[in-house]
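Here is a short note to read with the structure open beside you. Take the points in order and find each residue as you go.

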Amino acid sequence: MKVKNKLRLGFGFLFIVVLFFGAVSLFYINQIANSAKVILKDNYESLNYSREMRTVLDDQELPLSAASANSFNKQLVLEEHNITEPGEGEMASNLRKAFTALQNTTDAATLKQTEKSIRKYLRDIEVVNMHAIVIKNEKAHKNVEDAVVFLGLAGAFTFLVLFSFSVNFPGIISNPLNALLEGIREISQKNYGQRIHFDKSDEFAEVANAFNDMASKLNEWENSNLSKIMSEKSRIETIIEQMHDAMNLGEDKLTGKLVGDVSKNNDLFKSIINGEKADRAFKIFAEGKDSYFQLETREILVPNLSPTEGPVNIAKKSVGIVYILRNITEFKERDEAKSNFIATISHELKTPISAIKMSAGLLADSRVGALNSEQNQLVKHISGDAERLLKITYELLDLSQVETGNIQLNFVPAKPEKIIDYAIKAIKFEADQKGIVIEQSVAARIPDVNADVEKTAWVMINFLSNALRYSPLKSKIAVDVSKKANMIEFSVRDLGKGIDDQYKSRLFDRYFQVPTDGQNKSGSGLGLAISKEFIAAQGGEIGVESEVGVGSRFYFTLPAVA
C-alpha cells in the first residue's frame with residue numbers, strides 16, 4: 001500500500017470513530033429529550049386542565065353561571081383530547097356525566113352531591129397523571145444512567161483507539177525516515193556497505209531500493225579507485241624522491257623539524273618561505289658551479305565536502321601550497337652567452353659605424369670636393385642609416401648591461417624641471433620640423449627626485465621620440481610632472497591614433513613593436529624595454545594609458561627626495 005493510501009486510511013478511520021461516538025451521543029441525548037417531552041406533553045397538561053376546572057368550582061357558587069360553565073367545559077374538552085394513561089378515559093367520561101348532571105339540576109342537595117363527584121373525578125385524574133409522572137421520571141433517570149454508562153464506555157473505547165492510533169500510526173512514517181536518516185549518516189562516514197530493507201512495498205521501499213543502489217555504486221567506485229589512487233600515490237612519491245634536491249635538504253633534516261628552525265640554516269628555504277624573489281631566478285652554488293632555479297608556487301584546491309550546518313558546502317578549499325624549483329641553469333647560461341655575444345658585437349660594431357658616419361659627414365663637406373645631387377642624396381642616406389645603426393648599437397649595449405646586471409646608476413637629487421628641459425631640447429629640432437608644440441606643466445613646489453639624471457632623461461627622450469613619431473602634423477604633446485604620494489610622476493601625452501588593448505600588455509617587452517600600416521618602423525623595439533629596466537632599477541614604475549582614436553599617455557614614477 002502506498003503511503004498516500006495509508007494516510008487516507010488512517011484519517012478515514014479517525015473520522016469513522018469520531019462519527020460513531022457522535023452518533024451514539026446524539027441518540028441518547030435525543031432519547032432523554034423525548035422522555036422529558038412526553039412528561040410535559042402527556043401528564044403535565046392533564047394536571048393543568050384539572051387545576052383549571054377545580055379553580056372554576058372554587059371561584060363560583062352553584063349553580064354555575066353560563067360563563068363559568070363554558071370555561072369548565074373548555075378545559076374538560078381539552079382533557080378529553082389528552083387521554084394518555086390507563087383508566088384516564090373512563091375518569092374523563094364520568095367527569096363529563098357529572099358535569100352534565102351539574103348543569104341540569106337546581107336542587108341544592110343534588111348540586112352539592114354532584115360537585116363532590118366532580119371533585120373526586122378530578123382528583124382521580126390528577127392521581128393517575130401524578131403517578132405516571134413519577135414512573136416516567138424514574139424511567140428517564142434510568143435512561144440517563146444507561147446513557148452515561150454507555151457513553152462512558154464508548155468514550156473510553158474511542159480514547160483507547162485514538163491513543164493507540166496516535167502512538168502507532170506516526171511510526172508508519174517516522175520509522176522508515178529514521179532508517180533512511182541512519183543510512184545516510186553511515187554513507188557520510190564512508191560505510192558503503194550500509195543497506196536498508198523494508199518489508200512493505202510503498203514509496204519508502206522505492207527510496208530504500210534507490211538508496212541501496214547508490215550505496216552499491218559508491219562501494220564499487222571506492223573499491224575500483226582505491227588501487228588506482230594508491231598507484232598514483234606511489235608514482236608521485238617516486239617522482240618526488242628522484243627529483244634533484246636544489247636545497248640540499250634530506251628527509252633526515254626535515255622530519256620532525258619546525259619550519260622556522262629549518263629556515264635558519266638554509267637561506268634558500270628561508271627565501272622561499274618568506275616569498276622573496278618569487279619573480280626572479282635563484283642562484284645556487286652546487287656541484288662546483290652556479291645553478292639557477294625558477295620558483296613556481298601552486299595552491300592545491302580540493303572540493304570542500306565536509307559536513308556543515310545547512311546546505312552542503314561544495315566550494316573549494318586550500319589544502320596546501322606546492323613549491324617547485326625549476327632548473328633553468330641551461331637557459332640562464334644560454335641567455336648569458338647571448339648577452340655577452342650581443343655586448344661584444346655591439347661594442348665591435350660601434351667603432352666602424354661611427355667611422356662610417358664620420359666618413360659620410362666628410363663626403364658631404366664641400367672642402368673635400370663637390371658632389372652632384374645624386375651623390376649628395378646617397379651621402380644623406382648613408383648618414384641616416386649610420387645614425388640609426390649607431391642608435392641600435394647603443395641600445396643593445398644598454399640592454400646587455402641590464403641583462404648582465406652591470407647597469408651603473410649615479411643617484412643624485414635632481415630637479416624634475418631640469419630633466420624635462422634636457423629631454424625637450426634633445427627633440428626640439430625634430431618637433432619644429434613637424435610643427436608640433438610641446439607643452440610642459442610642472443606642479444608648484446614639486447620636490448626633487450632621487451635619480452640618475454642621464455638615464456631618466458634618456459627615458460623621457462624615448463617617450464618624446466615615440467610621441468613625435470606617431471603624432472599628426474601640427475598637433476601638440478603634453479609633458480606633465482606631478483606629485484603622487486611620495487613619488488614624482490613624469491608623463492608624456494600625445495594625440496596619435498592610440499594603442500589597441502591587445503598590445504598594451506606587451507609594449508614593454510623586448511623587440512616588440514605595435515603592428516602598423518608600414519610606417520614608423522625605424523625603431524628596434526628595445527627602447528621601452530630598456531626604459532622599464534632603467535626606471536625599475538631606480539625604484540620607480542612605468543606604464544601606459546591609451547585609447548584608440550584619442551591618443552596615448554606614457555608615464556613613470558621616481559621616489560621624491562625626503
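1. Let's start with Phe556. Setting aside neighbours within four places in sequence, Phe556 is in contact (heavy atoms within 4.5 Å) with Thr456, Val459, Met460, Phe463, Ile488, Glu489, Phe490, Ile535, Glu541 and Ile542.

2. A word on the source. This is a predicted model, in which local features need pLDDT of at least 70 and side-chain atom pairs count only at pLDDT 80 or more, while totals for chains, interfaces and linings use all residues. Residues are numbered from 1 along each chain as its sequence is written, and side-chain values use heavy atoms, with hydrogens and water left out.

3. Met460, Phe490 and Phe556 touch the most other members of the largest nonpolar core, which has 39 residues. A nonpolar core is a set of buried Ala, Val, Leu, Ile, Met, Phe, Trp, Tyr and Cys residues joined through side-chain atoms within 4.5 Å; buried means under 20% relative accessible area, exposed over 50%, and partly exposed in between, with a 1.4 Å probe and protein chains only.

4. Which elements supply at least two residues each of this core? They are α11 (416-433), β6 (449-451), α12 (453-470), β7 (476-484), β8 (487-494), α14 (527-537), β9 (542-547) and β10 (551-559). With seven residues, α12 gives the most. Helices (H or I, at least four residues) and strands (E, at least two) are DSSP runs, numbered from the N terminus.

5. There is also a second, separate core of 17 residues, and its members include Leu57, Met91, Ala98 and Leu102.

6. Next, look at a helix pair. The axes (lines fitted to C-alpha atoms over the stretch in contact, with angles from 0 to 180 degrees between N-to-C directions) of α2 (residues 66-80) and α3 (residues 88-104) come within 10 Å and cross at roughly 165°. That makes α2 roughly antiparallel to α3, a term for angles over 145 degrees. On the α2 side, the contact residues include Phe72 and Leu76, and on the α3 side they include Leu95 and Phe99.

7. For contrast, find Ser505, in the loop between α13 (501-504) and α14. Is Ser505 buried or exposed? Ser505 counts as exposed because its relative accessibility is 64%.

Note on methods: Angles under 35 degrees count as roughly parallel, over 145 as roughly antiparallel, 65 to 115 as roughly perpendicular and the rest as oblique.
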